[in-house]
Amino acid sequence: MKDGNNQQKVAAICDSCGTVYAAIERTSGSIQPIGNPNGCCDGAGMTILSDTGTVGKPESES
Ligand SMILES: [Zn+2]
């Protein structure tokens, strides 16, 4: 659902450990890994790999 929030789904990599996440880039510029509300490594930044734009349903949905 979209509530007028300009949140962009992106692929992002943890600057600390190199783990790649599907993430949400918020309008504030912060990057929120999906399913990891506390982020990855504490205090580590994340770098956007690519914008995925509008994403469809997760393939794992059953
Ligand atoms: Zn990490």
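**Figure 1. Confidence and overall layout of the predicted model.** The pLDDT is the predictor's confidence in each residue, on a scale from 0 to 100. Strands, like helices, are DSSP runs numbered from the N terminus, a strand (E) needing at least two residues and a helix (H or I) at least four. By these terms, confidence in the protein is lowest in strand β4 (residues 46-51), with a mean of 83, and highest in β2, with 92. The protein averages a pLDDT of 79, and 73% of its residues score at least 70. Because this is a predicted model, local features are described only at a pLDDT of at least 70 and side-chain atom pairs count only at 80 or more, whereas totals for chains, interfaces and linings use all residues. Residues are numbered from 1 along each chain as its sequence is written. The secondary structure comes to four strands and zero helices, and the elements follow one another from the N terminus as β-β-β-β.

Figure 2. Two strands are said to pair if DSSP finds at least two bridges between them. Strands β1 and β2 pair in the antiparallel sense, over six bridges. Along this pairing, Lys9 stands opposite Ile24 in β2, and Ile13 stands opposite Val20, also in β2. Five residues lie between the strands of this hairpin, where Gly18 takes a positive phi near 85°.

Figure 3. Strand β3 (residues 31-33) runs antiparallel to β2, and three bridges join the two. Ile24 stands opposite Gln32 in β3. The hairpin of β2 and β3 has five residues between its strands, and here Gly29 takes a positive phi near 100°.

**Figure 4. The largest nonpolar core.** A residue is buried if 20 or more other C-beta atoms lie within 10 Å of its own, exposed if 12 or fewer do, and partly exposed in between, with C-beta atoms placed from the backbone. A nonpolar core is a set of buried Ala, Val, Leu, Ile, Met, Phe, Trp, Tyr and Cys residues joined through C-beta atoms within 7 Å. The largest such core has eight residues in all, namely Val10, Ala12, Cys14, Tyr21, Ala23, Ile31, Cys40 and Met46. Strands β1 (8-14) and β2 (20-25) each supply at least two residues of this core, and the largest share, three residues, comes from β1. In soluble globular proteins, nonpolar side chains tend to be buried together. Buried residues make up 13% of the 62 residues in the protein.

Figure 5. Two residues are in contact if their C-beta atoms, placed from the backbone, lie within 7 Å. Tyr21, which is found in strand β2, is buried because 20 other C-beta atoms lie within 10 Å. Not counting residues up to four places away in sequence, Tyr21 touches Ala12, Pro33, Ile34, Asn36 and Cys40. The C-alpha atoms of Tyr21 and Gly35, which are 14 residues apart along the chain, are separated by 9.2 Å. With neighbours within four places in sequence left aside, Met46 is in contact with Ala12, Ile13, Cys14, Asp15, Ala23, Ile31, Pro33 and Cys40.

**Figure 6. Ser16 in the loop between β1 and β2.** Ser16 is found in the loop that lies between β1 and β2, and counts as partly exposed because it has 14 C-beta neighbours inside 10 Å. Apart from neighbours within four places in sequence, Ser16 is in contact with Cys40, Cys41 and Ala44. Although Ser16 and Cys40 are 24 residues apart along the chain, their C-alpha atoms are separated by 8.5 Å. In the protein, residues 24 or more positions apart account for 43% of the contacts with a separation of 6 or more.

Figure 7. Leu49 has its place in strand β4 and counts as partly exposed because it has 13 C-beta neighbours inside 10 Å. Beyond neighbours within four places in sequence, Leu49 is in contact with Ala11, Ala12, Ile13 and Val20. Glu25 is found in strand β2 and, with 18 C-beta neighbours inside 10 Å, counts as partly exposed. Leaving aside neighbours within four places in sequence, Glu25 is in contact with Gln7, Gln8, Val10, Ile31 and Ile48.
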